[in-house]
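Please consult the sequence and coordinates alongside the text.

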Amino acid sequence: NAFRPYVGYRAINTYQTWFNSSYNSLQSMVKKTFRGGFASGSYTWSKSLTNAGTNGASPQNTYDRSLDRGHAPYDRNHVVSANWSYEFPFFRHAANSVVKNALGGWQTSGILAVASGLWSFNPSSSSLGTDPAGLGILGAGSGATPRADFVCDPNASAPHLFTQWFNTSCLTDVPKGTIRQGNAPRNGIKGPGYQTWNMSMFKNFALAERGPKLQFRFETFNTFNHTNWSSIGATLGSSTFGLVTAARSARIAQLGLKLSF
């Protein structure tokens, strides 16, 4: 308590527009059209830095905000996406309309999304209930939590297992009796990436030569039911420290009819 800027008080909140951010990237795209459809893909290599992250973020140390500059919580360094649509040529020009309707009119499309993990996990030591720098940031409403010390890079040679996503031995609390904040950077732990395939198959029916059309749709989201982890525990001393704590949606399949007139 003796080291707090205002002895006897905990968090004192103010709102100011003092934050800034930067974004740099390499963006590329390729697209190919052909008879019956198209295919396109894109790749983005980027880095986004900020000393805020989200609206209402609080710096750990108000007197030295440069220590909070780090990865933005929405920063994904690699993002790949692709999409395609193709109408199969089978019986496309059949003279008999019954045959064309029964055997032709098949169409497929899909979207592939792949991305590296978010830098959105703060190496926090708040579960220990200590404020080693005497910043007065403990308690509800402070908007900030004390960060731990990095003794090595927890992302280097990370196990990426359900029971240990990053190298937990790289985090430690600020030594007792030392009056300073943790040296871990804000959002210093990289979370899991994801890979999602969304695919569909359509069957088109012409109800009349120039009249309404009917489309039967079979659509799947996360078609291959690939497990995509979404959250990890990064609070030193907590029961979930280093563990994967949540996952994105499992496969979803749906059927539908679409009438165009």
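## The salt bridge of Asp 149 and Arg 180

In this predicted model, Asp 149 and Arg 180 form a salt bridge, with their closest N and O atoms 2.7 Å apart. The pair links distant parts of the chain: Asp 149 belongs to strand S6, while Arg 180 lies in the loop between S7 and S8, 31 residues apart.

The two partners fall into separate accessibility classes. Asp 149 has a relative accessibility of 4% and counts as buried, because the limit for that class is under 20%. Arg 180, with a relative accessible area of 31%, is partly exposed.

## Further salt bridges

The structure holds three salt bridges. Side chains of opposite charge can pair when their charged atoms come close. One of these bridges joins Arg 147 to Asp 68, where the closest N and O atoms are 3.7 Å apart. Arg 147 is placed in the loop between S5 and S6, and Asp 68 in the loop between strand S2 (37–50) and strand S3 (70–71), so the bridge ties together parts that are 79 residues apart in sequence. Arg 147 is buried, at a relative accessible area of 3%, and Asp 68 is buried as well, at 1%.

Another bridge is formed by the side chains of Arg 217 and Glu 219, with an N to O distance of 2.8 Å. Glu 219 counts as buried because its relative accessibility is 16% and the class extends to values under 20%.

## The disulfide

A search of the whole structure finds one disulfide. This bond joins Cys 152 to Cys 170, with an S to S distance of 1.8 Å. Both cysteines are in the loop between strand S6 (149–150) and strand S7 (171–172), and they are 18 residues apart. The link of Cys 152 and Cys 170 is left-handed, with -100° about the S-S bond.

Cys 170 is buried, with a relative accessible area of 0%.

## The surroundings of Thr 108

Thr 108 is part of strand S5, which covers residues 106–115. The residue is buried, at a relative accessible area of 15%. The side chain of Thr 108 reaches the backbone oxygen of Ser 200 at a distance of 3.0 Å.

Leaving out residues up to four places away in sequence, Thr 108 touches Trp 84, Ser 85, Tyr 86, Phe 88, Ser 200 and Met 201.

## The surroundings of Pro 192

Pro 192 is found in the loop between S7 and strand S8 (194–206). Pro 192 is buried, with a relative accessible area of 4%. The C-alpha atoms of Pro 192 and Ser 116 are separated by 7.0 Å, and these residues are 76 positions apart along the chain.

Apart from neighbours within four places in sequence, the contacts of Pro 192 include the aromatic residues Phe 121, Trp 165 and Trp 229. Arg 76, Gly 117, Leu 118, Ser 230, Ile 232 and Arg 248 are also in contact with Pro 192.

## Overall architecture

The protein has one helix and twelve strands. From the N terminus on, the elements follow the order β-β-β-β-α-β-β-β-β-β-β-β-β. Of contacts with a separation of 6 or more, 69% are accounted for by residues 24 or more positions apart.

The radius of gyration of the protein is 26 Å, whereas a compact globule of 261 residues would have a value near 18 Å. Along its principal axes the C-alpha trace spans about 90 × 40 × 30 Å. Of the 261 residues, 34% count as buried.

## Confidence of the prediction

The average pLDDT of the protein is 89, and 93% of the residues score at least 70. Confidence is lowest in helix H1 (residues 97–103), at a mean of 72, and highest in strand S4 (residues 78–87), at 97. Where pLDDT is low, the predicted coordinates should not be read in detail.

Terms used: Residues numbered from 1 in each chain as written. Predicted model: local features only at pLDDT ≥ 70, side-chain atom pairs only at ≥ 80, totals over all residues. Heavy atoms only, no water. pLDDT = per-residue confidence, 0-100. Helix = DSSP H or I, 4+ residues; strand = E, 2+ residues; numbered from the N terminus. Disulfide = S-S within 2.5 Å. Buried < 20%, exposed > 50% of the residue type's maximum accessible area, 1.4 Å probe, protein only. Polar contact = N/O pair within 3.5 Å; in protein donor to acceptor, adjacent residues only side chain to side chain. Contact = heavy atoms within 4.5 Å. Salt bridge = Lys/Arg side-chain N within 4 Å of Asp/Glu carboxyl O. Rg over C-alpha atoms; globule rule 2.2 N^0.38 Å.
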